[in-house]
Structures are given as structure tokens and as C-alpha cells.
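Here's a quick briefing for anyone meeting this structure for the first time. Take a look at the sequence and the model, then read on.

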Amino acid sequence: MSLLYTCTREMLVSAMRRRTIDALRFAAILLGLASALCTPLANGQAFEGLVMPGKVIAGHAKIEMQCDKCHTKFKKSDQRRLCLDCHKPVAEDLKANRGFHSLSPTVKDKECNVCHTDHKGRDADVAPVDSKAFDHAHTDFALKGAHQKAECSACHAAKIKYRDAPLTCIGCHKKDDKHKGDLGNKCVDCHNENTWKEVKFDHSKTRFALVGKHDTAKCEACHANERYKNTPRTCIGCHKKDDNHKGRYGEKCETCHHAEDWKSQFNHARQARYPLLGKHLTAKCDACHRAPLYTEKLPTRCVACHLKDDSHKGSLGDKCETCHKEIGWTKTNFDHNKETKFPLYNKHKSTPCGSCHKTGLKAKLPTTCIECHRADDSHKGDYGKACDSCHNDKGWKPSIFDHTKSTKFPLKFSHASAKCEGCHKGTLYVKDGGKAAPQNCNACHKNDDAHQGQLGERCETCHDERKWPGVVYDHNKSRFKLVGAHARSECKSCHKTPKFKDAPMVCGGCHTADDLHKGRMGGKCDLCHNSRTWKAWDYDHARQARFPLDGAHAKITCEACHRKAASGSSEPIPAVPRNCVGCHAADDTHSGGFGQQCERCHVTRDWRTLKPGIIQNIPQPSKLK
């Protein structure tokens with residue numbers, strides 16, 4: 001039966017190639033014979049086998065005769081679905097929008113047979129890849145750094161599908177992992193694609209931030225043999241050999257030491273609540289701490305350690321610190337600053353006790369300056385009793401009073417060299433019953449006001465403490481801004497007297513002599529002139545006066561029309577008629593016979609020139625009336 005199928009197939013293929021009638025008839029006879037001898041199922045498969053265009057690839061060899069695995073009769077659109085039914089990983093990629101078949105714009109949504117054709121023989125490559133043109137960015141693993149220069153075979157091993165190539169660093173570089181897996185598989189936390197040797201690791205994100213000398217130490221100093229897991233985090237874990245105390249002070253090295261240096265940084269005053277002063281500061285720790293450091297609570301009273309040093313044999317009690325200090329037992333030192341409410345500084349410190357304690361040590365003494373130094377008060381009480389406001393215990397001279405910090409009136413320039421009594425006429429301090437000195441300029445300098453109060457009392461607007469004549473004033477903040485030539489003029493050019501508000505604000509107030517019109521054009525000079533210069537004038541007669549000057553009007557003087565002068569500098573220019581007859585009534589040779597609309601026939605160049613074509617259209621005088 002197999003031989004019959006083979007012969008029939010070969011004959012049919014040969015007949016189709018030769019395309020002769022006899023060959024086709026013979027092939028048809030053999031096909032009919034094969035059909036008669038076979039079952040219906042075998043019949044269909046045998047026929048499909050006869051018309052198959054070529055052998056399938058080795059991967060499809062098992063289903064070569066099962067055409068329905070890849071094809072549906074008369075329904076070509078089913079082929080993509082049938083491919084994905086077998087190639088489930090690709091189907092899952094398409095569904096999850098991942099992998100090359102989903103990410104590549106040149107492949108996505110194409111039919112499978114566009115790239116993968118079969119029936120080309122067992123050894124045919126139906127999934128060719130052009131390594132030079134292939135864009136790896138359209139996969140789940142974009143190539144960066146050294147990956148861009150690597151050969152494809154470095155990651156894609158032979159006979160392993162491209163999609164099965166590992167996506168993690170450890171998948172390819174397990175042999176390069178010097179940590180032997182101790183640090184897990186997240187290589188990217190420390191390394192990048194450029195090179196394994198380039199390491200960027202933020203140690204502060206671990207449970208052991210690097211500070212002090214730890215920050216500059218080499219990794220292998222703590223991580224021997226490149227083993228990072230279970231590295232000790234306690235000082236004693238790494239520095240046991242550096243412990244000079246041999247474990248007597250426990251394992252809490254950080255209590256006294258820190259990462260900057262092994263030298264002890266223990267703050268005995270803050271951490272043990274017992275400040276080390278005098279000879280205690282230079283004493284060795286085990287002079288007091290004879291037992292392990294953290295298990296013994298030491299007494300803090302002097303007599304507990306120095307009972308044998310008490311030459312008084314307990315007759316003065318056990319408060320040795322009342323008279324003695326840590327500098328030594330032989331020198332008695334009563335601390336007046338701590339034991340009393342009157343600390344001794346500077347000259348008070350060197351003063352013999354008897355100078356103040358004249359009636360014995362137990363007598364309560366006054367603590368104010370004036371009670372002891374009344375005879376030294378050169379002010380005779382005028383500046384009150386608060387001597388310490390200006391003087392201190394270093395000496396009566398010089399005064400330490402800072403007027404800027406202690407009052408709301410800082411002394412600058414001329415004020416800084418003035419004498420106190422120049423402003424403080426009465427008792428100096430209000431709290432002692434005195435009168436506060438005024439802070440405004442006018443209160444002291446009223447007689448110096450050349451403006452005679454016209455500009456108010458805020459002298460500091462223009463003057464400062466340097467000197468009165470020095471004036472800094474922004475004229476643009478006034479109602480008369482200085483622009484043009486005004487900005488370059490001296491103040492006295494306009495302000496003839498210190499009464500600045502008397503200065504005129506209109507042009508005519510200062511520039512009467514400059515008025516070439518002698519007042520005929522009124523006082524609003526700024527209509528034509530500006531503050532830059534009188535010679536630069538600009539008046540748009542057409543726009544501003546609504547009467548354009550053309551023809552002969554453009555050459556005449558202003559006074560030719562504006563014959564009547566303004567009645568005052570503040571008054572406007574008297575109105576001038578706008579129609580022709582208002583000025584040219586005497587020039588009307590028609591004696592009004594043609595009305596007052598002269599411009600219907602005449603032009604402004606001269607009276608004799610008429611508008612073109614006007615002779616034929618001149619209306620009769622009777623109609624004009």
C-alpha cells in the first residue's frame with residue numbers, strides 16, 4: 001500500500017511537471033486505484049500527501065501528514081490561530097504584550113507565514129535572524145553598555161531558542177559572581193552594563209551606613225574574600241584586636257569611640273553626669289573604675305574616694321566641694337560665682353574679700369553698683385542707678401553702652417560723636433524716673449530746619465546723619481517728575497528758597513523769559529514743547545487742533561491766525577474759527593454771494609486757483625442762498 005502511495009505521488013508530480021495529457025491520464029488512473037483500495041480517511045490523507053509542495057522542517061516532521069494541524073480547508077484566515085495553538089509561548093507573549101512578536105513594529109500583527117514559511121525541506125531555517133539588522137530594543141531586553149558590543153552567541157547558545165535566553169544578570173554571569181550568591185541575584189544594585197569592575201553601591205541604604213574612616217576604608221577590609229553576607233556590624237566584631245581594655249569595659253565601643261578615631265570621645269559630663277575637672281580630667285579610667293565599666297555604679301561625693309585626704313577628720317562635714325576643687329586639696333578655693341548670687345569677674349575677682357565683707361562673711365551685702373560706688377558716680381545721679389548699663393567690672397572707663405542694640409535709635413555718623421547730654425537733657429533712664437529722649441529729627445533740630453516746617457517733620461526723607469546739606473531725594477516720587485533738561489538742572493534753579501513747595505509747577509512759572517510768544521499762546525507750553533529743550537517743539541495741528549495745515553496755511557506763523565492773546569498763563573488759547581470765511585471774509589470777492597463754504601471751489605494754496613472742473617459745476621448764487 002505504501003509503495004502504491006509513493007508511486008502514485010511521484011507519477012502525479014511528474015505529470016504536473018511535464019503537463020502532458022497521457023501523463024495526467026495515467027496519474028488519474030493510479031489515483032483512482034489508490035482511492036478504491038483505501039479507506040475514506042486514508043484516502044484524504046493520501047491525496048493531501050500527493051499534493052504537498054515539499055517536506056516540512058524537522059520540527060514539524062511528526063505532523064507532516066496531519067495537514068489540519070496547520071491548515072483549514074478553504075479557510076486561509078485560520079492559519080495564524082492554528083500556529084498559535086501549537087506555539088503557546090508566542091501566543092502568551094502576544095496576549096501579555098511582551099516579547100519580540102509584540103514589541104517589534106515590523107512584526108506585530110503580521111501573519112506567521114510572512115516570516116516563517118514551511119515545506120522547504122527538513123533542514124530549512126524558517127526563523128532566520130539578521131544579527132546586523134535586528135533591533136534588540138524591540139525585545140524584553142534592550143542592549144546597553146557592554147551588551148551592545150557583545151556577540152549574539154554570547155547570550156544565545158546554539159540549539160536554544162532566542163526567547164529562552166536568560167533576562168537576569170546571574171543567568172549569564174553566574175561564573176563572574178565573586179560573591180558566590182551571598183548577595184542574591186540583584187546584580188544591578190551594585191553593577192551596571194558597562195563593566196563588572198565599575199561598582200556603584202550606596203552603603204547608607206544598608207543597616208550599616210559608612211561614616212568617618214569607614215567611608216574611606218577598602219571593601220575588603222571588612223568583607224574578606226569578597227564575602228558580604230553576615231558581616232559583623234558591631235565594633236568588637238571587627239576591632240577586637242584593637243581593644244586595649246581587653247574586654248574589661250564591655251563591647252559597647254561606640255560609647256567612648258567613634259568612626260573618626262579610636263581616641264576616646266566619651267563625654268563624661270553628659271553621658272555619665274559627672275564632669276571631669278582638674279586632676280580628675282587627667283586621671284586614668286581604672287583609677288576610679290576598678291571593676292568592669294558598666295557593672296559598677298561609682299559614688300560621686302568627694303569623701304567616698306578621698307576620706308583619707310580629709311585633714312579635717314570630718315570636723316567640717318563631708319561637703320568638701322564647698323571649699324576645695326579638683327585642682328588640688330592644698331589650695332582652698334571658694335567659688336563665689338556658684339555659691340552666691342553675685343559672681344566675681346575682672347576687678348571684683350582680684351579684690352580682697354575684706355573690701356566688701358567688712359563686717360564678716362555672714363553679713364548680707366548689697367549687689368547693686370550704686371550702693372558700693374556712689375562716690376565714684378561722676379554723673380552725680382543724673383543718669384540714674386543702672387550703672388551696669390554703661391559700665392562693667394573691668395573699669396569705669398570706657399563706657400560699654402551700645403546705643404544701637406540697647407535702644408531703638410542707632411547712633412550713626414554725627415550722632416555717634418555727639419555727647420550723651422546733647423540729647424538726654426534730663427535723667428537718662430526712664431525706668432529710673434527720667435524722661436525718654438525724642439527720636440524724630442525735628443524734636444532736636446527744629447532750629448536747623450531751613451524749610452521752616454513746610455516739608456513736615458520727616459527730615460530723614462532727604463537728610464541723614466552725615467550732614468544736613470547732603471540731600472538725597474528722589475524727585476520722581478513728588479508730583480513733578482524730573483525728565484529731560486530738568487533732570488540735569490540744579491535744585492536752586494527752580495527752588496529759589498528752602499521753601500520747596502513754593503516752587504511753581506507750570507512752565508511759565510520758571511520760563512517766562514523763554515516764552516517767545518510773550519504769553520499769547522497761553523501757559524500750556526507742553527502742548528508744543530518738551531523738557532528736553534525749547535527749540536525741539538512738535539505740535540500736530542491736524543490731530544490736536546483738528547485743523548490740518550496745508551497749502552498756504554503751512555507757511556504762515558501761529559500769530560497769523562491766533563491773533564488774540566490768552567488772558568493769563570493758566571488760561572487756554574482763545575478759540576479760532578475753523579471755516580474759511582472766519583479769517584478770510586475780507587478776501588471774499590463774491591461778497592457772500594456763493595455762501596461760506598469757500599473750500600467747495602477754492603484750495604488752500606491760493607485764492608485764485610480753483611479746483612479742477614469747478615467752473616462747469618458752479619451753482620447759481622440764488623440757489624446758494
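Arg543 is out in the open: at 61% relative accessibility, it counts as exposed (over 50% relative accessible area is exposed, under 20% is buried, and partly exposed is in between, using a 1.4 Å probe and protein chains only). Keep in mind that this is a predicted model, where local features need pLDDT of at least 70, side-chain atom pairs count only at pLDDT 80 or more, and totals for chains, interfaces and linings use all residues. Residues are numbered from 1 along each chain as its sequence is written, and side-chain values use heavy atoms, with hydrogens and water left out.

**Salt bridges**

- Arg543 pairs up with Asp540 in a salt bridge, their closest N and O atoms being 3.6 Å apart; the term means a side-chain nitrogen of Lys or Arg within 4 Å of a carboxyl oxygen of Asp or Glu.
- Asp540 is partly exposed, at 33% relative accessibility.
- Glu64 and Arg122 make another salt bridge, with 3.0 Å between the closest N and O atoms.
- That pair links distant parts of the chain, 58 residues apart.
- Glu64 is buried at 10% relative accessible area, while Arg122 is partly exposed at 29%.
- How many salt bridges does a search of the whole structure find? The count is 9.

**Cysteines**

- There are 0 disulfides here, a disulfide being a pair of cysteine sulfur atoms within 2.5 Å.
- Cys70 is in no disulfide, and the nearest cysteine sulfur, in Cys83, is 6.1 Å away.

**Phe401**

- Phe401 is partly exposed, with a relative accessible area of 28%.
- The C-alpha atoms of Phe401 and His391 are separated by 7.3 Å, with the two residues 10 apart along the chain.

Technical notes:
Helices (H or I, at least four residues) and strands (E, at least two) are DSSP runs, numbered from the N terminus.
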